Amino acid sequence: MKILLVAECREGRLQANINDLLGFAAKADAESALFLVGTQEELPKFAGTLYLADSSTYGEYNPEIHKQLLLDTIDTVKPDMVIFSHSSYGWDLAPRIAFALKAAQISEVVDFVDGKPIAPVCNAKLRRTVAPKTAVTILTLQAGAFSLAEEPTTTPTVEAISTTATGKIEFSGYQQADIGGVDLSKAQVIVSAGRGIGKPENIAIIEGLAKALKGEYGASRPVVDSEWAEHNRQVGTTGQTVSPKLYVACGISGAIQHLAGMKKSEFIVAINTDKDAPIGEVADVLLIADLKQFVPILTDKILAM
Amino acid sequence: MNILVCIKQVPDMESKFKVNAEGCWYDSSDLAWRMNEYDEYAVEQAVQLKEQTGADLTVLCIGPDRVKETMKKALAMGCDRGIHVTDAESFDKDPFAIASIIAKFAEQKSFDMIFTGMQSQDRGSAQVGVLTAEMLGIPSITTIVSFAFDAGQITVQRELEGGVKAMVKAPLPALVTCQLGLNTPRYPTLPNIMKAKKKELVVTPVADLLGVAVLQETLSLYFPEKKGGGVVLEGDSAELADQLIAILKEKTAVLA
Ligand SMILES: Cc1cc2nc3c(=O)[nH]c(=O)nc-3n(C[C@H](O)[C@H](O)[C@H](O)COP(=O)(O)OP(=O)(O)OC[C@H]3O[C@@H](n4cnc5c(N)ncnc54)[C@H](O)[C@@H]3O)c2cc1C
Ligand SMILES: Nc1ncnc2c1ncn2[C@@H]1O[C@H](COP(=O)(O)O)[C@@H](O)[C@H]1O
């Protein structure tokens with residue numbers, strides 16, 4: 001089996017998710033080639049051929065141009081599978097390639113067993129084993145699902161690629177994340193509020209427990225999107241990555257994008273009314289309780305100590 | 001201007017799921033159904049664009065009879081008409097087949113702007129939007145968190161990892177896939193719910209629009225094995241609190 005791995009570069013920096021791609025290649029035990037729109041200055045370590053388009057010519061991600069560069073490379077390499085990260089780059093580009101090749105695409109793959117991809121269903125409460133029915137298959141990999149035991153040290157053989165393709169979509173720059181306010185990454189204890197708090201007034205319950213534990217309060221994305229908490233309190237892939245001594249998730253289901261931001265915490269407590277909530281996968285203690293009742297009682301007991 | 005928004009009906013994610021008899025999807029009985037969360041943002045943005053431009057707005061949903069309830073919410077939010085593509089087997093269709101149905105419908109209507117959700121909460125493929133645009137040969141932009149239309153062109157922000165946003169422009173016709181937080185989806189008011197009852201809901205059998213076979217199949221659906229040695233505690237709140245305090249004292253240094 002032959003696979004083509006699609007690595008990513010942003011503002012001249014090779015993105016770390018290349019390790020997931022290499023981890024997948026190792027697990028699938030396949031002959032692999034690498035595709036990258038990037039720079040000679042920051043070449044990935046890879047034992048094989050790297051098809052490299054120069055990002056100083058092609059600029060930052062442009063779906064129509066990257067699509068053509070990748071289709072040309074697929075034409076040369078003739079892979080059985082094309083592998084992306086399930087990232088803002090991968091989930092944008094992969095379906096364009098899938099359509100051009102009329103290939104089955106399986107998204108957010110978490111495992112690869114007996115040659116069959118496995119993907120999450122319903123907020124990771126369920127999984128499915130998928131059988132693609134096309135000659136070429138496209139996969140996007142969930143972040144962190146395939147890790148690399150040993151990073152390669154080899155320098156790849158570089159094949160320069162180019163295209164004259166243009167597109168209708170125009171990129172005009174980045175807006176960096178606002179930083180400032182609380183730095184959750186320094187907190188020893190974080191108590192986070194999820195949608196399960198029900199209404200904005202209940203942030204006070206979460207903040208109360210955080211204070212009793214001499215920590216900070218954080219939040220999941222819906223709480224921030226509803227403007228019940230500031231963005232700098234959001235934990236997850238599009239918020240902060242934290243690793244406190246204690247993380248208490250209150251009314252948080254445990255979507256992968258939230259877990260990515262907190263699963264390295266030393267000790268995790270989850271308070272949830274749903275016994276099957278995926279947060280249970282990472283929690284050291286899962287308390288089945290209504291947070292509105294339970295958290296104030298817990299806070300009072302801690303304050304009375 | 002002519003706008004299309006595509007919505008999917010999904011189960012409430014807090015439901016207790018069961019695997020169906022065939023073993024390849026979840027059982028659809030005893031579930032509470034709602035609009036895919038991402039699609040609420042798509043509907044809201046489409047309604048805002050309609051309000052800005054006076055455009056005509058169609059909402060489309062492929063699924064069994066029960067999806068009409070979800071379509072009524074979209075109509076009450078401000079869509080002008082619904083296209084219900086009836087398909088009792090829509091759960092079995094892959095993103096390629098679903099996109100081809102939408103594209104086949106959209107082809108005949110020449111929409112200037114199409115909105116979809118970034119992904120569906122149950123299947124979570126994040127493919128239908130982009131595939132539909134590729135089939136129609138129009139530009140598509142994914143994961144948008146801001147949207148503006150002016151002088152035949154859209155200006156949007158795409159959300160990237162780590163909270164960085166990319167500013168992107170495209171001419172119409174175009175398709176965007178909507179991310180959480182794009183706007184604040186409105187709640188349908190009672191008068192609008194009443195008005196929605198009178199709006200046109202066209203029923204189209206899926207056979208009229210389906211021209212392709214699926215490219216993939218689900219072989220089996222199952223619950224992941226519970227990993228990790230986490231303890232699960234249940235019971236009276238005061239007792240639970242004492243238990244938890246004891247555990248925190250033993251296992252962490254935060255209560256010392
Ligand atoms: C590209 C992308 C990036 C994302 N980035 C992030 C991110 O950075 N951070 C993030 O958090 N999410 C992110 N998300 C969103 C993520 O997928 C989930 O939608 C989100 O994390 C869900 O938040 P939640 O757990 O608070 O809400 P829900 O999933 O709605 O869960 C609420 C939970 O509360 C429980 N509950 C309800 N009532 C009570 C009660 N009274 N007591 C106790 N428990 C109760 C329920 O059982 C449920 O488990 C991202 C999504 C995408 C697609
Ligand atoms: N059955 C359906 N009917 C109408 N639109 C759909 C359907 N399934 C998916 N979509 C649209 O495609 C988006 C992405 O879905 P998916 O590719 O399944 O993650 C959803 O947010 C909807 O806007």
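The dialogue below takes up the ligands, the helix packing and the backbone.

Tutor: This is a predicted model, in which local features need pLDDT of at least 70 and side-chain atom pairs count only at pLDDT 80 or more, while totals for chains, interfaces and linings use all residues. Residues are numbered from 1 along each chain as its sequence is written, chains are lettered from A and ligands numbered from 1 in the order in which they are written, and side-chain values use heavy atoms, with hydrogens and water left out.

Student: Where does ligand 1 lie, and which residues come nearest?

Tutor: A residue is near a molecule if one of its heavy atoms lies within 4 Å of it. Ligand 1 lies between chains A and B. It has 33 residues around it, of which Ser220(A), Thr238(A), Ser253(A), Gln257(A) and Asn272(A) come nearest.

Student: Which secondary-structure elements of chain A each supply at least two residues of the shell around ligand 1?

Tutor: Helices (H or I, at least four residues) and strands (E, at least two) are DSSP runs, numbered from the N terminus. In chain A, α6 (221–225), α7 (256–262), β17 (267–272) and α8 each supply at least two residues of that shell.

Student: How is the shell around ligand 1 divided by class?

Tutor: Ala, Val, Leu, Ile, Met, Phe, Trp, Tyr, Cys and Pro count as nonpolar, Asp, Glu, Lys and Arg as charged, and the others, Gly among them, as polar. The shell around ligand 1 has 11 nonpolar, 16 polar and six charged residues.

Student: Which polar side-chain atoms lie by an oxygen atom of ligand 1?

Tutor: A polar contact with a ligand is a pair of N or O atoms within 3.5 Å. The side chain of Ser253(A) places an N or O atom 2.6 Å from an oxygen atom of ligand 1, and a polar side-chain atom of Gln234(A) lies 3.0 Å from an oxygen atom of the ligand. The side chain of Lys292(A) has an N or O atom 3.4 Å from a nitrogen atom of ligand 1. The protein covers 91% of the 980 Å² of accessible area (Shrake-Rupley method, 1.4 Å probe) that ligand 1 has on its own.

Student: How is helix packing described?

Tutor: Two packed helices are described by the angle between their axes and the distance between the axes. Axes are lines fitted to C-alpha atoms over the stretch in contact, and angles run from 0 to 180 degrees between N-to-C directions. The axes of α8 (residues 291–303) of chain A and α6 (residues 237–251) of chain B come within 9 Å and cross at roughly 50°. That makes α8(A) oblique to α6(B); angles under 35 degrees count as roughly parallel, over 145 as roughly antiparallel, 65 to 115 as roughly perpendicular and the rest as oblique.

Student: Where is the cis peptide bond?

Tutor: It joins Leu172(B) and Pro173(B), with omega about -5°. Pro173(B) is found in the loop between β9 (165–171) and β10 (174–178) of chain B.

Note on methods:
Polar contact = N/O pair within 3.5 Å; in protein donor to acceptor, adjacent residues only side chain to side chain.
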